[in-house]
Amino acid sequence: MESIDEKLIDRVDRYVEALCAPHDAVLAENLKNAERAGLPSINVSPNEGKLLYLLAKVSGARHILEIGTLGGYSTTWLARALPPGGKVITLEVNPKNADVARKNLGLAGLEDQVEVRVGNAAETMRQMAASGEGPFGLVFIDADKPRYVEYLRLALELTQSGSLILADNVIRNGRVLEASHRDANARGAKAFNDAMAAHPRLESVILPIYRDKLDGLSISRVK
Ligand code: SAH
Ligand code: DHB
Ligand code: MG
């Protein structure tokens with residue numbers, strides 16, 4: 001019951017990657033620069049990046065907000081999906097990560113399409129809402145998991161009807177199945193899932209995502 005054929009799932013993941021998200025020199029350089037700078041390898045997988053790209057394209061979002069930049073890998077996928085004149089604003093608390101991301105986005109030729117803002121994302125989002133920034137057509141939540149519920153509340157202030165709110169890492173290898181797991185990240189993801197599913201202004205689903213472990217991406221449309 002608890003066992004899944006991980007080998008087969010891994011082969012299928014690589015199969016889809018070879019077909020749908022094959023080698024890309026800019027994305028490979030992004031990850032190499034992040035690794036050289038000592039950033040952790042917790043970026044989305046190529047397949048999840050392609051999914052983010054497709055969701056952004058299908059939604060037609062001109063203004064995208066990302067919470068958690070790291071080295072700008074998912075940012076690159078999202079920015080590539082923008083229509084002409086569109087923009088990604090990405091929020092990052094760690095100035096070193098933000099520097100790596102800015103360099104990577106410059107190398108990708110995306111400096112005009114992306115703005116990296118350094119600071120605590122919740123604080124930045126409160127300021128954005130207060131100063132009337134937005135609405136964003138797509139918000140991608142991928143920073144500190146214990147604050148996901150707060151990010152969801154703030155994302156709802158920065159979006160409008162038809163906007164998409166996405167959140168990464170909401171399955172955490174199944175840890176969210178437990179009522180109160182010792183892992184604070186899993187508890188944060190579970191609290192987010194409960195808030196998202198019960199929210200009267202959201203229609204949602206969670207897509208399981210496999211990459212080394214089982215995780216998931218939530219997809220919500222604002223009513
Ligand atoms: N979206 C990236 C991965 C992000 S990893 C990708 O897939 O390529 C999570 C990032 O969130 C880290 O860089 C971390 O520094 C940042 N982060 C953590 N807490 C934060 C906070 N309170 N505000 C803003 N960023 C935060
Ligand atoms: C972690 C964070 C992520 O955003 C991710 O995709 C995977 C792992 C983490 O903090 O462990
Ligand atoms: Mg993530």
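Student: Which backbone atom lies 3.3 Å from an oxygen atom of ligand 1?
Tutor: That is a backbone N or O atom of Leu-70. A polar contact here is a pair of N or O atoms within 3.5 Å; within protein, one must be able to donate a hydrogen and the other to accept it, and residues adjacent in sequence count only if both atoms are side-chain atoms. Before we go on: this is a predicted model, where local features need pLDDT of at least 70, side-chain atom pairs count only at pLDDT 80 or more, and totals for chains, interfaces and linings use all residues. Residues are numbered from 1 along each chain as its sequence is written, chains are lettered from A and ligands numbered from 1 in the order in which they are written, and side-chain values use heavy atoms, with hydrogens and water left out.

Student: Got it. Which side chains have polar atoms by ligand 1?
Tutor: Asn-97 has a polar side-chain atom 2.9 Å from an oxygen atom of ligand 1. An N or O atom in the side chain of Asp-144 is 3.2 Å from a nitrogen atom of that ligand.

Student: And how much of ligand 1 does the protein bury?
Tutor: Of the 580 Å² that ligand 1 exposes when taken alone, the protein buries 90%. The areas come from the Shrake-Rupley method with a 1.4 Å probe; for residues, only the protein chains shown count as cover.

Student: Switching to ligand 2, which side chains make polar contacts with its oxygen atoms?
Tutor: Asp-142 and Asn-169 each have a side-chain N or O atom 2.8 Å from an oxygen atom of ligand 2. For Lys-145, a polar side-chain atom lies 3.0 Å from an oxygen atom of the ligand. The protein covers 69% of the 290 Å² of accessible area that ligand 2 has on its own.

Student: What about the magnesium ion, which residues are its protein donors?
Tutor: Asp-142 (OD), Asp-168 (OD) and Asn-169 (OD1), lying 2.1 Å from the magnesium ion (ligand 3). Donors are N, O and S atoms within 2.8 Å of the metal (3.2 Å for Na, K and Ca); water is not among the atoms, so sites may look incomplete.

Student: How are they spaced in sequence?
Tutor: The pattern is D-x25-D-N.

Student: Are Asp-142 and Asn-169 buried or exposed?
Tutor: Both are buried, meaning under 20% relative accessible area, with exposed over 50% and partly exposed in between (1.4 Å probe, protein chains only).
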